Amino acid sequence: MAASKSARKSRRKSKSRKAAKKTSRAKSRKTPAQAKAIETSLGLNKAVRLTFSYDGDNVKLVSQQRTEMTVPASDTVKGYGKYKGFWAELKSGSDKTLYRTVMHNPTKNDAEVFPESPGEVISRQPAPKRKGVFVVVVPDTDKGEEVILCRSAPETKGPTRGIRALASEPAEEILRLKLKK
Amino acid sequence: MANGQIVGTTRIVETGPPEQRWNAVIVSEGYRSDEMAQFATDAKQFADTLLSVAPFDRLRAAINIYRVDVTSTESGAKDPKKCNGTGAKPRTFFGASFCSNGIRRLLIANNGRVLDVVKKQVPQWHMAFLAVNSPISGGSGGPVATFSRAPGAVEIAIHEMGHTAFGLADEYEYYSGCASDKGHDKHSKTEPVQPNITTNKNRATTKWRSLIQPATPVPTTSNANCANCDPQPSPVAVGTIGLFEGADYFHCGVYRPEFDCRMRNLNRPFCAVCQQVIVKKLTPFLPG
């Protein structure tokens, strides 16, 4: 559950870069059907569904459930070190990223407000009391050992302070959990 | 007390086994048992609308759609007076209410309960929608895309699905509104992780570089006054992919791929970059 140390981080980055290159090279030469075959061989027809709850800053795992189902294609697994936002990753035992899913921050403390008639615009309003649940689905593979969640922290000063949707700093790991085998 | 009951599940769009397809689930809220025929009609209409939207129209073979019939004791949704509502407090299965967090059109139910039902009825679900039997306009995003029966509210659900299922960012360039925004002049330099917005205006390295034609200027639009939203019309033809300044709740310093998109305004098509993301995510669900 704890954040990693810098040596481990650097090893992880290098491994992650190599793995991403390999996957990206393989995928770029494949037809969609061939890419699908590769994904199936990675175990994308078996999944683990993780349900989390959040209340304010706190995020915790509520349940994990294995399911026979196909998982959406992974987002790119490289180059996220300095990105802001929210995402989940499936990690191998050696901390290599096997699968990543970018998410619209599901722990937001504001909300979209929709217009009543066409022509009016969508807007946002703070909704500080928001709490609830969200779900992450990752492939169930032999190599997948852990899942991490990464999230940018909100600003601490200025007019955008406290609003998660307006966070400007790179995301940090906020939760790491072992998958039940 | 349950305030209703789960009646059952019907696959209203069937393209293959649920283990191999992308499974969308529409659940009813605030429909009495004598109103379930109306829900069947509403769910069918929603499915037809979703499958007519690009790129889902080309991905039909990848998608199953399920209808989960849940009755409520009473019809509608809570409409608190503190938001100038009627004060109605119907007893419904998921407790949907307008005026969440004091916001009139923010319609939210007990999403944990919705997901428990969906999980049991369709274990392979990917995206959950809650159709609320109210004529008042409203909806919300998050793990469950919630929408009412007001005309056009289905658009809310499709926009929210862009966030929940595909990780797409909002492409509008303001927060509470162009006239009322404070502190939304300039986006930070940090690159957002979402695939449809960027701070990188370098043609050779920006996220959707492969879709930008050589003749398209980059940036394609620039906001001359970052204190406000950019008022200029698009200088290029509809559908041109480039770098248009203003997105992610900021007036300047961040770019969107097209002048307009469903992630910017309701009742618009998804832009080409958003469509590409959706197609990529759903490719594993296409029949081999």
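This is a predicted model: local features need pLDDT of at least 70, side-chain atom pairs count only at pLDDT 80 or more; totals for chains, interfaces and linings use all residues.
The secondary structure of chain A consists of two helices and nine strands. Along the sequence these elements follow the pattern α-α-β-β-β-β-β-β-β-β-β. Of the 181 residues in chain A, 37% are buried. Among contacts in chain A with a separation of 6 or more, 61% are between residues 24 or more positions apart.

Within chain A, four strands form an open sheet in the order E4-E3-E8-E9, with antiparallel pairing. The edges of this sheet are E4 and strand E9 (172–178) of chain A, each of which pairs on one side only. From one strand to the next, the twist averages 20 degrees. As a general principle, the strands of a sheet pair through backbone hydrogen bonds, in either a parallel or an antiparallel sense.

Strand E3 (residues 86–92) of chain A is mostly covered, with six of its seven residues buried. E3(A) is joined to E4(A) by six bridges in the antiparallel sense. Within this pairing, A:Lys91 has A:Thr97 of E4(A) as its bridge partner. The hairpin of E3(A) and E4(A) has four residues between the strands, and A:Asp95 in this hairpin takes a positive phi near 70 degrees. E3(A) is also joined by seven bridges to strand E8 (residues 144–151) of chain A, and these two strands run antiparallel. Two of the residue pairs can be named: A:Ser92 stands opposite A:Gly144 in E8(A), and A:Trp87 stands opposite A:Cys150 in E8(A).

The contact between the chains takes 50 residues from chain A and 49 residues from chain B. On the side of chain A that touches chain B, the elements giving two or more residues are helix H2 (32–41), strand E2 (58–68), strand E4 (97–103), strand E5 (110–113), strand E6 (123–126) and strand E7 (131–139) of chain A. H2(A) provides the largest share of that side, five residues. Sorted by class, the side of chain A that touches chain B has 27 nonpolar, 12 polar and 11 charged residues.

Chain B is divided into domain 1 (4–165) and domain 2 (169–265). The C-alpha centres of domain 1 of chain B and domain 2 of chain B are 31 Å apart.

The largest nonpolar core has 117 residues, and those with the most contacts inside it are A:Val138, B:Val25, B:Val27, B:Ala128 and B:Phe129. This core draws at least three residues from each of domain 1 (4–165) and domain 2 (169–265) of chain B. The surroundings of B:Ala128 illustrate the contacts of one such residue. When neighbours within four places in sequence are left aside, B:Ala128 is in contact with B:Val25, B:Val27, B:Val114, B:Leu115, B:Val118, B:Pro143 and B:Val144. In soluble globular proteins generally, nonpolar side chains tend to be buried together.

Several backbone features of chain B remain to be described. Most residues other than glycine have a negative phi, and most peptide bonds are trans. Against this background, the peptide bond from B:Ala54 to B:Pro55 is cis, with omega near 5 degrees. B:Pro55 lies in the loop between helix H1 (36–50) and strand E3 (63–72) of chain B. A cis peptide bond also leads from B:Val218 to B:Pro219, with omega near -5 degrees. B:Pro219 is placed in the loop between helix H3 (153–164) and strand E7 (244–247) of chain B.

Positive phi values occur at two asparagines of chain B: phi is about 55 degrees at B:Asn101 and near 65 degrees at B:Asn267. B:Asn101 lies in the loop between E3 and helix H2 (111–121) of chain B. B:Asn101 counts as partly exposed because 16 other C-beta atoms lie within 10 Å, a number between the limits of 12 or fewer for an exposed residue and 20 or more for a buried one. B:Asn267 lies in the loop between strand E8 (250–256) and helix H4 (272–282) of chain B. B:Asn267 has 12 C-beta neighbours inside 10 Å and therefore counts as exposed.

Notes:
Residues are numbered from 1 along each chain as its sequence is written. Chains are lettered from A and ligands numbered from 1 in the order in which they are written. Two residues are in contact if their C-beta atoms, placed from the backbone, lie within 7 Å. Ala, Val, Leu, Ile, Met, Phe, Trp, Tyr, Cys and Pro count as nonpolar, Asp, Glu, Lys and Arg as charged, and the others, Gly among them, as polar. Two strands pair if DSSP finds at least two bridges between them. Domain bounds come from an automatic or database domain assignment. Axes are lines fitted to C-alpha atoms, for helices over the stretch in contact, and angles run from 0 to 180 degrees between N-to-C directions. A nonpolar core is a set of buried Ala, Val, Leu, Ile, Met, Phe, Trp, Tyr and Cys residues joined through C-beta atoms within 7 Å.
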